[in-house]
Structures are given as C-alpha cells and as structure tokens.
Amino acid sequence: MKSWGSRCRELDSRVAYAVISIYIIVLSLIPLVGSILALREWVGFDTGAYYYRSERLEVRFTGLPEGVGKPRIYVYMPNSSYKPVMLIDLDDRESVVNGFSFFYDSREIKFKVFNNTLLVNYVFDSFNVTKRIVAYNESIVLGFKSTGDLEFRIVFKGKNYTCVNGVDLREFIGRSVEFDNITKLNFSFESRLVGGGDGSLELSKPVRVIVREDVEGVTLIALEFEGSELEVVVRGYVEPVRVSSLTHTISSLLNHRVAQLLLPLVALIAASFGWIIWRKL
Amino acid sequence: MLAALLRLLVAPFLGHLWDIKTMQETIYYTLKGENVYTLVYTLSRRVSESTGQPLFYEGYAYLPHLALILTPFYIVYIALGGDPQPIRASGVIATGLVYEPQLYMSKDVFSFMTLIKMPMIVADSLIVYILGKRDLRVAVVYALSPYAILITGAWGMFESLIALSLLLSMMLIERGRYVLSGIAYGFSLIKLYPILALPVFILNLRGKGFGALASFTIGLIISQIPTLLFLLLDPQSFVNTVLLFHILRQPSGLTPLRMLNLAENLTLTSIVSLLHTAISIAAYTTIIVYVFKGGVSLVRGVTLSILYFLAFSKVVHEQYYLSVYPLLLQLRMREARLIETLFLAYTLINVGLFLTSPTLLFLIDYRLLQIHTSIVYGDLGYISINVVGPLVTSPISIITFLVIVKTMLNIAATAQQR
C-alpha cells in the first residue's frame, strides 16, 4: 500500500503536469488566434518579410535573403478554406532599373508599413526606387516610383499560364510574345490540382510587355517602360474545382491556415505522449 | 585521448558555417584593432532600421573571453600561411544569411576548422578526464556521446568550454581554492546564461564563511577584467550586443515557444514572449528559494539552474545542452541520455548535414542553394521551412520541455530524500 507521502508526491506530479500541459496547449493556440487578429493589415513575420491576408487574397513579401516573392500574390477560392493558389510573383532578381537588379545591386532596402500599405524603398548608388504595395479585398496595387526618369524592366512570373491577352501560350513554346503600348494584360491559368483561374494586370500608362516561357510551367512577364512612375493593379479569380478527397487533403495540409489549425492537435498528441514518458521517468 | 581522436576525425570536414565564420570575423577584426561589439551593433542597427522590425544581426554576442581563448590558435593558423578569412559571405545582411547563396570558402578552410576547434576539443577531453576520476562509466558515455562529438567536433561550438569551467569551479570549491574557483566560474559566463547559477554558488559559499565568499568574488572580478574593458570602450554597443540581443531575440530552437513561429506575427510573438518571461521569472525564483531552504548541494543546484534555462529560455539552440550534460550525467544518467537523444534528433532534423559540410559544398557549388529560392515557385521550399518545420519540431520541443521539467523535479525530490 502506498504511503501518504508517496500519494502526495504523485498528486503533485499530476498537478504539475496538468499545469504544464495547459500552458503548452494555450501556446499552440496563439498562431491561430494571431491569424484571426491579423486580418486586413500587413504583418511582419521575418527579416524584412511581411504578409497581408483578406478573405479573397493573400500577399506575401518574402524576407531579405530571398530574391523572389517581392511580393507573391495568392487568391483563395470563393467560399473555401482550400489552399490559396499562386496568381503572380514579382521577381526582384530579374527586375532591373537602368540595368541594375533590385535584388543584387540595391545597396539598402528600407520598409515602412501602415494599415494596408507596405512601402519598400530600394537605395541604389545614384537613385532610389520606392515600391508601394497596397492590398485590398479584391485587388492589389503595385506602385513603382523613382527619383528621376529611368529605364525599368519589371519581371513577373506565374505558374501554369495558358493564355495571355487572347494568345494561346502553348503555341508559342520557345518563343516570346510581345505587346507594344498596352494598358491591360489578361491571363488565364490551368492547374491539374487546383483547376483554372483568370487574372489581370491593369497598367497606369502604356508599356511594352514581353511574355515567354521561363522554365517549364513558369511564364515570365516583363514590363518595360521609361519614366519615373507606374502603377499596376493586380486582380485574380479562381474557379473552384472538384478533385479527389486525397488530393484535396494533402494539398490543403500544406499551408499556414491548416498548419495553424493542426498545431493544437499536434501539441495535444505530444503532451499525451509526454505524459507516458513523465510517468516512467 | 579517445574523446579527442573522435572529435578530431570530423573536425576538418564539418562545421556550423555561420557560427565559425562569426568566430573567424571576431578574431580577424580584433587583431586589426577594431571593436567587434561596435561592428556587430552597427550591423544590428542596419537590420532593424531597414526592416522596421525588432531584429538583430546574429554576430559575436558573447563575453570577450572566447575571442581571447581562440586568438592564439588563429595566430598559429596564420603563421602556417592560412587565408585570414577562409569563409566569406557577401550580399544582403540578414539574420538568415546562412541561407544566402553568396558564401565562399578557400581551401584553407580545413586547417582553419581544425585549429579553431582545438580549444573546444581539449576542453571535451579534460571533461572526460575529470569525469573518469569519479566514475569511469560516465566518462566513457561522454567520450563516445554522438551529441558531444557533433556539437564540439563537427559544429565547433564552444559549450564544452562552459561545461569545463563549471566543473572546474565546483571542483576548486571542494578543494578550498576559492579565488581560482571564482576565475573558473567567470570563464563559464562566455555565454551569459550560467549567471543563473551565481545565486547557487553564493548560497553554497555562504555556508563556508565570509572569507570563502569574498575570495570567490575577487576571482570572479579578476575574470571579468576583459569584460569591463570592452564595456568601458563602447558601453552602448556592448550592452546591446551582449545583453539586449539575447533578451529581445525572437523564440527559436528547442523550446515550446517555437510553436509561435507559425504565428507569423513578430509583434504578437514579442507580447507572448514577454508573458513567458514573467512565468520564467516565477519559476526561477521558486528554484532559488528551494535551493536556499533545502540546503541543496552545489552540483545539484548548478544543474537545476542550467536545466531551468533549457526549459524556460525562449532561445534554446542545439548546442546549449552540452554545458550541463557532464553534470547531469553524474546525477541522473537515464534522464541525461534521454535529453541527449532529443537534442541530437532535433539537431539532425533541424539543420542536417547539408549546411554543415564544407567539403560537400566544395563539390557541388554552394550557389546550388539557390534551389531553395527556385523551388519556391512550387512552394516546396517555403512550405518545408515555414510550415512543415514548425509542425515537426514542435512535438520534439514539447517533449524535451516536459522531460527537462520532470528531470528537475526528480533532482529536487532526490535532494530532499537525502
């Protein structure tokens, strides 16, 4: 028969474990709570990395060490918690001003954020360029403003694009399509996993646009213009599709929202497993 | 000898590139007459000002003793004709610079790795010798420990210096050499967290009389002369780099707070970290009161205070456990080896060999790390680092936290029974 002291120690041990477990479960719920609170404002999450999330769109601006995703724009399917689909990505490595790459040649990058606006200032040796990203529920406005008239080449990339301004890209593999002095670029994409969708770039002034295949499945869109200012309004829409439940589950698991939902479950399992070890130690 | 040999076998070929580069830059600029704390603080300000976020440059953030210990070995390396900067990085300054593609190495990196790790390997060997004098089985376990070999021999971390300093300071108290004990303890403060053991030392020495406490304090002050000199040289840079960097750092490593990485919100993370700090202070106070009232032995008290740090610190990196591993092995071998397994598993999952092997990088060109950014188009790189990573490492962190807390309770319970 157990002694009174031994029973007390056992009870103390259980109480200690219960308190620690509750603390761990509460911690695991924080990311989900944070995600709900962070709707409709830019949130910093890493070195120079920010994201904005609305019901329809998600915009990610990747951290300083990365040259792509400056920003990367995703769209959510209507009325669905399904993983968002990448609409378009701005590539700072290949985007150049007067021949200087935003990523490789800028001396310094400075950020300012307020409500739905993210300002990124690129400091080059002899000029500055400010990139303004304003996120709305239905669209994203990308603004470029320089300290003088300069030659810009802004490079976007997109996945599984099939058609641009009525031109079927599958007929132009290995060749580029050029549009002179246009103010709007419509594009469509089609993915086996997520279905199809449409998007558009509305430009504040006529520019030259070159479209070509970058690597397999990735389309490069380069906007070329001379001046000190350009505004690009990005819009996108994804058609919901029927996919197998397995595909749906796997694909849905790999995103932040579901990971945030999964975390409390993972914490609960770990805490339960921890109890077995706790008792044996 | 066996311990040294095992570590020397891997030392030339593997290394935690970012941390070894930090040591290299520290000695390189110190020998050029620069104040390394001023340099690191300047870079930190650039990172936080440009990003507008509470972030720091991850450079030399320790007391100057480490640089003093490593400098003679660096001088020997230079005398042998080595490249002064065998590891170079260029490009954007960021905390995640280790993932930066522009990292280059000269062929001298192998001899540099070997020589710069020598003090840590010697420290590990001395630990094995000291443990062997008390219990041969414990010494063999430490000598053959894959975790200790990985941290000291492969990565080149300096936690073995902290562990040796703590062991020596306790041994010297046993022998009544209080000034030397104070000096040895002072060297364990290279990384600040062993300061948590100071109240335990004071409480223990109090029982040995005022003379013992005064002698220990004199030794501790002598050991901190280099610290005071650098503090006087540039107080703002020193305090920011050595103290504030650690206090304000974002949670990382083997801590349940790692779950906050999925929160994707630095401001929210900072608030929760602050609440966690309040809980931690309460836990630490409980431990010190317990040590004060319970008459706990010095070894148990010091072990408890370092284990407390591993359980409650918001930054628990892979190498931290090594500083308390030899102490815990003597007290609770079963728990010590279980925690070792957890830290080892985490180290291999979290970093793997890819980022730690210069030879491999020589063969495949380090710029291939751009794969990381290229794969991002398929979201794979991003998902694996930011989504799958936290989900996989969180359970290990939670279990490690629970095991450490239970180990602390077990140590406390056995101390009470005695």
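# A guided tour of chains A and B

Begin by selecting A:N181 in this predicted model: the residue is exposed, since 10 other C-beta atoms lie within 10 Å of its own. A:N181 belongs to strand 14 (residues 177-191) of chain A. Its phi is positive, at about 50°, although the residue is not a glycine.

**Two further stops in chain A**

Select A:N160 next. This residue lies in the loop between strand 11 (139-159) and strand 12 (161-164) of chain A.

Of its 281 residues, 38% are buried. Among its contacts with a separation of 6 or more, 55% are between residues 24 or more positions apart.

**Chain B as a whole**

Turn to chain B, which has 20 helices and four strands. Here 51% of the 418 residues count as buried. For contacts between residues at least 6 apart in sequence, 77% join residues at least 24 apart.

**A pair of helices**

Select helix 4 (residues 65-79) and helix 5 (residues 109-134) of chain B. Their axes are 8 Å apart and the packing angle is about 150°. The two helices are therefore roughly antiparallel to each other, as angles over 145 degrees are classed in this way. Their crossing is right-handed. To view the contact, show side chains including B:I69, B:L70, B:F73 and B:Y77 on helix 4 of chain B, and B:F112, B:L115, B:I116 and B:P119 among those on helix 5 of chain B.

Continue along helix 5 of chain B to B:V128. This residue is buried, because 23 other C-beta atoms lie within 10 Å. Which residues does B:V128 contact, leaving aside neighbours within four places in sequence? They are B:A3, B:A139, B:Y142 and B:A143. For a view across the chain, draw a distance from B:V128 to B:K191: the two are 63 residues apart in sequence and 22 Å apart in space, C-alpha to C-alpha.

**The cores**

Colour the largest nonpolar core, which has 136 residues. The residues with the most contacts inside this core are B:Y142, B:L307, B:Y308, B:L310, B:Y325 and B:I404. Helix 5 of chain B gives the most to this core, with 12 residues. Apart from this core lies another, of 55 residues, among them A:W42, A:V75, A:F102 and B:L266.

Centre the view on B:Y325. Not counting residues up to four places away in sequence, B:Y325 touches B:A148, B:A163, B:A336 and B:E340.

**Last stop**

Finish at helix 15 (residues 298-312) of chain B. This helix is mostly covered, as 13 of its 15 residues are buried. At 1.5 Å a residue, its 15 residues should span 21 Å, and the end C-alpha atoms are 21 Å apart, which agrees.

Conventions:
Residues numbered from 1 in each chain as written. Chains lettered and ligands numbered in written order. Predicted model: local features only at pLDDT ≥ 70, side-chain atom pairs only at ≥ 80, totals over all residues. Buried ≥ 20, exposed ≤ 12 C-beta atoms within 10 Å, placed from the backbone. Contact = placed C-beta atoms within 7 Å. Expected span 1.5 Å × (residues − 1). Core = buried A, V, L, I, M, F, W, Y, C linked by C-beta atoms within 7 Å. Axes fitted to C-alpha atoms, helices over the stretch in contact; angles between N-to-C directions. Parallel < 35°, antiparallel > 145°, perpendicular 65-115°, else oblique. Left-handed = near helix turned anticlockwise from the far one by under 90°.
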